Amino acid sequence: MWPEASRVRVFMPFPGLEVPHLCSQCMDYPCVASCPVDALSVDPTYGAVIVDREKCTSCGDCIRACPGTVPFLHPGDNKATICDLCGGEPKCVEVCTEAGYNALTIVNEGPNINRKLYSRNPVDTARDLAVKFFGEKGLEVIE
Amino acid sequence: MTPGGYADKWLDVDLSKGRVEEFSFPHETLEQYFGGRGIATKILWDRVGERWDSLDGHAPDNPLIFATGPMTGIYPGARICVSGKSPVSNGVVGSTAATETAVELRTAGYDGIVFTGKSDKPVYFLVTDDGGEIRDAGHLWGLDCEETLIKLNKEVTAELSKRKPNVGLWKEPATMYIGPAGENLVRNAAVCTKVCHAAGYGGYGSVMGSKNLKAVAAKGRGSLPEVDAPEAAYLLWRKAHEGCMGFTTFRRWGTGYLGYSVGADTSSEPIRNWQEEWHDEKSMGVPNYMDRFWVKSKWADFNCTTNCMKVSCVKAGKWKGDITDMPDYELQAYCGTNLGIFDAGDNVHISTLMDKLGHSGINAPNTMGYAAELYQRGILTEEDIGFKLEWGDTEAFDRLAHMMAYREGIGDVLAEGTYRAALKIAEMKGLKPEETLRYAVQVKGIEVGAHGTRSDKDYTHDMCYAASVQGGDHTSTVTDGYSDMSEAVFFDSAVFCMFTARGPSQELIFDFAKAITGFPITIESWRRETGPRIVTLQKALLLMGGPDVTWEPVEDDDNPPRFYEPLPSGPYKGQTTDRELVDMRIQAYFETLGWDERGIPTRETLDGLGLSDVDPLMERFRQ
């Protein structure tokens, strides 16, 4: 088990405020556009960003280009790591369903500009959640 | 070859010298003591040994141990075991807390940390993939737990981002810390984590305070240790989760449904310092908490599908801004009914206060309830306390909790924990010790968890606290000295949560242990050898005790006097703990473990468990 190698990382800037952080497949793919060595491409069927680990130089441009700073360098090989939707059969959805939470489902949708809005810094998302959970106190729990 | 499930590396931190080193255990020791409570007891024996009875729990020499086990993070429900010589029992307590600190430590490449010495100024300890480092905590000292967590999260995240800016966003570290109670050496103070979680029993928060150690923070980017048989482990992991998912009661309500039913149904809930154990107050019912305060109805630690936790928040009124969990049953009882508080909001407040001050939410309110009973009986007066301490007066208990944490006025006496406070108050008032101890609900100095024995309808029966090497600890009660060894002793040594052991079968859990480590582990081997080895060593150290208090064999292997008073109310009115049964079952327990009739481990037993070097120290206890 390797939590920091998972393409779905869960941040928790304050207890109770867990924020899953993963690629939301922006329509304009700024990460793909930013890559100086063409290591990033878009899967034509599922729209996921695919990283060519041979080509990746670990420069970090994709991380900086992402509106949510989602990609990260794998702690093992130091290459850019982005959710690839497990080739169309996401494991996260599988276990969530198995666990009986049914919080995750697979949706098939066309390109949508709104997807980009979900690519956010997890601390910002947690700050919003904090207000939803804790009211005014929520403004204090994440500095 | 390193056995599976172990990072096989520990951090050895001398806070006096500011030195950080690494060490490993012989693999044979890992097999014999496993991890967590087991390995901690072994460390304590090796490092303190025959000096045990002269070592004060708050002395720099006392090793403070944070130990994971080979199953931590891999088996559902990650926890860490905090241990050392307990300043409360003067023995060893394996005190576990649910926290990602255990996982971060292991992903950084370490199975545990041993702290010795005392820093000359407040510090915190940071563990990363690059090792451990002692860092200044002058700016954190004096802060409450919530403030400490918020500041530490931000500070460490910023520091790690600065050190390695190119790898992407740094996830926050996991942290364990103390509040004012630990800093001011409140004897039974907790080591706290995740706002409302704690390693409560044992008083290790005060041991951290005695070392000027405010917090431990960890962030690892590596993987959890490799397991011995990955395919089997993966299958067992899925099976274990399946078992946890079937435990729907906790998933729906946590233990928060027990605040009503342990009183109304099993009649074993502490009420007004255990003067009663029955109530039918619907105000303590779980819907009052759920509808008024829960902002998150499923909350879990790393790799846990049981989800027994919920998050509560008070959004309006005088306790606005309070954040805690359900509260769980123990704190519903101790921060509620035991203080005569039967209002969910007031209960959430006292629970939150315990979390913020760094008190143990079971132990400190046990002492507060004890003080309130002394006030009720006129032994402690308004003049002694400074105000009226009436049952159900939340403001008064709030005030008392602060006085204890900061050791002000009578709080300084109560900060010694229920047992020692009873002795001090007897001295203050010119009473015989038994006149104040009769209301003290503790075993071996450890305030008893919120499950009584008198109705005999709870999981706690006759001698389950009386015979335990961890005294009043409700997570480590005993039944027969045989099956116990594959329960709490195992969970605390493999280090995972006792609640994720509900659902999966015991066979599955032990198969999993074997698949992870590759050791030839079975339930039987734990019941006959590994468990008894750990508990017998704990018993030997508990017998030695000291320096301020020692426990008499037989005489102190007993329940609190209150547990022999007849229940005054409820469906089991008149019923009480059967003393003859207690004595008989303790004898059977000793016999099962190979201890003599006074509970002293025999030479034969010690030799058989590979503990021959302990034998000379047991000689003086034998008659």
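I started with chain A, which has five helices and six strands (DSSP runs, H or I of at least four residues for helices, E of at least two for strands, numbered from the N terminus). This is a predicted model, where local features need pLDDT of at least 70, side-chain atom pairs count only at pLDDT 80 or more, and totals for chains, interfaces and linings use all residues. Residues are numbered from 1 along each chain as its sequence is written, and chains are lettered from A and ligands numbered from 1 in the order written.

I read the order from the N terminus as β-β-α-β-β-α-β-β-α-α-α. Next I looked up burial: 34% of the 143 residues in chain A are buried (20 or more other C-beta atoms within 10 Å of the residue's own, C-beta atoms being placed from the backbone).

Last, I checked a helix pair in chain B. Helix α12 (344–357) and helix α15 (394–405) of chain B pack at about 10°, axes 11 Å apart (lines fitted to C-alpha atoms over the stretch in contact, angles from 0 to 180 degrees between N-to-C directions). I therefore noted α12(B) and α15(B) as roughly parallel (under 35 degrees). Among the residues making this contact are Leu353(B) of α12(B) and Phe397(B) of α15(B).

Definitions and conventions
A residue is buried if 20 or more other C-beta atoms lie within 10 Å of its own, exposed if 12 or fewer, and partly exposed in between; C-beta atoms are placed from the backbone. Angles under 35 degrees count as roughly parallel, over 145 as roughly antiparallel, 65 to 115 as roughly perpendicular and the rest as oblique. Two residues are in contact if their C-beta atoms, placed from the backbone, lie within 7 Å.
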